[in-house]
Amino acid sequence: MVENSDLIIVGAGIVGLSSAYYIKKNNPDITIKVIDRASTFAQGNTGKSAAGFRNLFTSDINFKLSDSTTKFYRHVQEEMGIDLGMKFVGYLFLFGKNMPFWVDVMLERKIAVLKNPDDVFEDGILSKIPERESADLMSLQDVENTLYGPECGIIEPDLVSSFYYDECRKMGVEFQFSTEVKKVNMAPVQPLNFPGEPFIWQDKKIESLTTDRGDLTAERYIFATDVWTTGLLDPIGIDSHIRPKKRQVFQISGESIQRILFSCKLNDEHIIPFTILPKSGVYLRPAVKERSLWVGVADDLGRDFSFTEDPQAEEDFYNYNLRTIAESYFPGFKNSSMTAKWAGYYSYNTLDKTPWVFRFMNAVVATGTSGSGILKGDAIGRIVDAYFSGREKVQLYGGSEIPSSALDIKRERVEDEHVIL
Ligand SMILES: Cc1cc2nc3c(=O)[nH]c(=O)nc-3n(C[C@H](O)[C@H](O)[C@H](O)COP(=O)(O)OP(=O)(O)OC[C@H]3O[C@@H](n4cnc5c(N)ncnc54)[C@H](O)[C@@H]3O)c2cc1C
């Protein structure tokens, strides 16, 4: 069976949903179908996220993408009255004696302030590094400085996704779940009906998608398929420009963890900020509903680029890596237990850790979110729409304007992003 739409968007994660929202808003007359192999939206990496949001990025473009997106989410929650689970608990980077160069970038942009650790945590929560051989071996330093970003915090990706999904449905976007694209079919723009088409001298387009529920056709296509983009586009010779890296989250609970969770002097609810430890980028994310902390890290060297459909979180990785660091700074981790764990993937743009939005034939690809797709989701959707609608500039929420090609693979190289978590 072949079904026609003006546009098919493959992928109903945050990127596919926000893209559908802006395209339909700006092109109300076209028919859009969003398909996903899962039984509903946000079941891919969007649903596995640690769901922190921040505007603390070093490169100008990542700052604009994140700052405008988080301001838009705030607008939805506070002015439109739709709960996105946003809590402005802040991001807190802990440092030893020396601070990285990029701290100055944040201070100059006035998006973060330095804080004395004693002004952040209640007594007895954050400890001095115990004098042990292992602490020397791990080169752990006492926390002497902290950098606090107040416009940052935690959010619920299912609620953000639900906002875009509901708005799309109201505008008439069609959703088809439990539909997996198995093959992307290319054809000549002007077919001659000779065997072996398309020949190299013919202009080509994507003609249809073979799915497990029959073929689907559209005039145009968007691939918002995150790490799966490579598998879909490799067979037709389109490079996705991403590599997958497994990322894990461990939920840690217990009475001593609850004390850490509610130990902060910076907000009325005393919730600890999304906190990044001085060693190896290990982070603690407050999980208020679960009365727990989520612990994770974007480990780099030694973590391969392999990909499986069902990645598993490794308990030993937590015990011998993350826990060792966490309990050196927060002794409360010693009497804690793991109550949940999960794993997903970052789709890495390994060049400069900045998302990709690029065109080929009658398609647009949006991928490479490099671990920050939720907190840049709104801006990415606007950029996809600008490409789809043929506009050269994109208005981000809050008024800043960027070229539509800002995330293209043909863009000039942007600055390296130094704050990847
Ligand atoms: C452990 C972890 C922690 C993270 N923490 C954060 C964080 O704190 N903040 C943040 O902003 N980001 C974070 N991220 C990153 C964030 O989750 C991603 O950047 C974001 O979810 C990417 O959204 P997406 O829509 O591109 O991808 P996805 O949500 O993965 O959506 C892609 C969709 O495509 C569908 N699909 C794939 N192949 C096919 C096919 N062949 N046919 C049909 N459908 C298909 C999938 O089912 C999926 O629903 C984290 C990610 C992980 C794994």
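This report describes the domains, helix packing, salt bridges and selected backbone features of a predicted model.

## Basis of the model

The model is predicted, so local features need pLDDT of at least 70 and side-chain atom pairs count only at pLDDT 80 or more, whereas totals for chains, interfaces and linings use all residues. Residues are numbered from 1 along each chain as its sequence is written, and side-chain values use heavy atoms, with hydrogens and water left out.

## Domains and their interface

The domain assignment gives domain 1 as 2–50 + 158–242 + 351–407 and domain 2 as 91–149 + 244–348; such bounds come from an automatic or database domain assignment. The centres of the two domains, taken over C-alpha atoms, are separated by 34 Å. Domain 1 supplies 16 residues to the contact and domain 2 supplies 15 residues, where contact means heavy atoms within 4.5 Å.

The size of an interface is often given as the accessible area lost when the parts come together. Here domain 1 and domain 2 bury about 1200 Å² between them, with 55% of it on carbon and sulfur atoms; buried area is the accessible area (1.4 Å probe) that two parts lose on being put together, summed over both. On the domain 1 side, Lys48, Ala50 and Val227 lose the most area to domain 2, together 46% of what that side buries. One salt bridge is counted between the domains.

## Packing around helix H2

Helices (H or I, at least four residues) and strands (E, at least two) are DSSP runs, numbered from the N terminus. The axes of helix H2 (residues 60–78) and helix H5 (residues 157–171) come within 12 Å and cross at roughly 75°. H2 is therefore roughly perpendicular to H5. Angles under 35 degrees count as roughly parallel, over 145 as roughly antiparallel, 65 to 115 as roughly perpendicular and the rest as oblique. Axes are lines fitted to C-alpha atoms, for helices over the stretch in contact, and angles run from 0 to 180 degrees between N-to-C directions. Phe72, Tyr73 and Val76 of H2 meet Val160, Phe163 and Tyr164 of H5. By class, this contact of H2 with H5 has six nonpolar, no polar and no charged residues. Ala, Val, Leu, Ile, Met, Phe, Trp, Tyr, Cys and Pro count as nonpolar, Asp, Glu, Lys and Arg as charged, and the others, Gly among them, as polar.

H2 also packs with helix H9 (residues 377–389), at an angle of about 105° and with the axes 6 Å apart. H2 is thus roughly perpendicular to H9. In this pair, Leu65, Ser68, Thr69, Phe72 and Tyr73 of H2 meet Gly377, Asp378, Ala379, Arg382 and Ile383 of H9. The residues of the contact of H2 with H9 divide into five nonpolar, three polar and two charged.

## Salt bridges

The structure holds 20 salt bridges, each a side-chain nitrogen of Lys or Arg within 4 Å of a carboxyl oxygen of Asp or Glu. Among them, the side chains of Arg37 and Glu309 meet at 3.0 Å, N to O. The side chains of Lys64 and Asp60 also form a salt bridge (3.0 Å, N to O). Because Lys64 and Asp60 are four residues apart in helix H2, they are separated by about one helical turn.

Trp342 lies in strand E16 (residues 337–348). Leaving aside its neighbours within four places in sequence, Trp342 is in contact with Lys48, Ser49, Arg247, Gln248, Val249, Trp294 and Ala313.

The peptide bond from Glu197 to Pro198 is cis, with omega near 0°, and Pro198 is placed in the loop between strand E9 (181–188) and strand E10 (204–211). Ala42, in the loop between strand E2 (32–35) and strand E3 (52–53), has phi near 60°, a positive value in a residue other than glycine.
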